[in-house]
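Please read the following note alongside the model. The points begin with one residue and then widen to the chain as a whole.

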Amino acid sequence: MNDIKKEIMESIDILLKRRLEKITQSYYVNIISVDNNKCTVKLNGAEYTVPFYGNTPLVNNKYPIIIPQGNFSQAYVIG
């Protein structure tokens, strides 16, 4: 009986992780550089170049980055 409970809990955990990966995420990131309508940001030690919307972000300031459905290819910064 204990094995069945463990398997059910592991299955629920897997399903929740898959679902959470697909929700829209937002973080505050540090702006490293700005060029035209894109900026380079640092998030979790990695650098990403994403478009920004609104005012031009200032280098070395923090701004929100939106990652729709966990897809970094659609991420953007709100200036």
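1. Thr40 is in contact (heavy atoms within 4.5 Å) with Asn30, Ile31, Ile32, Ser33, Glu47, Tyr48 and Thr49, once its neighbours within four places in sequence are left aside. Thr40 is found in strand S2, where helices (H or I, at least four residues) and strands (E, at least two) are DSSP runs numbered from the N terminus. With a relative accessible area of 14%, Thr40 is buried, a term that means under 20% relative accessible area, as against over 50% for exposed and partly exposed in between (1.4 Å probe, protein chains only).

2. On provenance, this is a predicted model, in which local features need pLDDT of at least 70 and side-chain atom pairs count only at pLDDT 80 or more, while totals for chains, interfaces and linings use all residues. Residues are numbered from 1 along each chain as its sequence is written, and side-chain values use heavy atoms, with hydrogens and water left out.

3. Val29, leaving aside its neighbours within four places in sequence, is in contact with Val41, Lys42, Leu43, Asn61, Lys62, Tyr63, Ile65 and Val77.

4. The protein chain holds 1 helix and 5 strands, in the order α-β-β-β-β-β along the sequence. Its radius of gyration, taken over C-alpha atoms, is 18 Å, well over the 12 Å that the globule rule gives for 79 residues, so the protein chain is more spread out than a compact globule; the rule is 2.2 Å times the number of residues to the power 0.38. The C-alpha trace spans about 60 × 20 × 15 Å along its principal axes. As one example of separation, Thr40 and Met9 lie 31 residues apart in sequence and 40 Å apart in space, C-alpha to C-alpha.

5. Buried residues make up 20% of the 79 residues in the protein chain. Of the contacts in the protein chain with a separation of 6 or more, 51% are between residues 24 or more positions apart.
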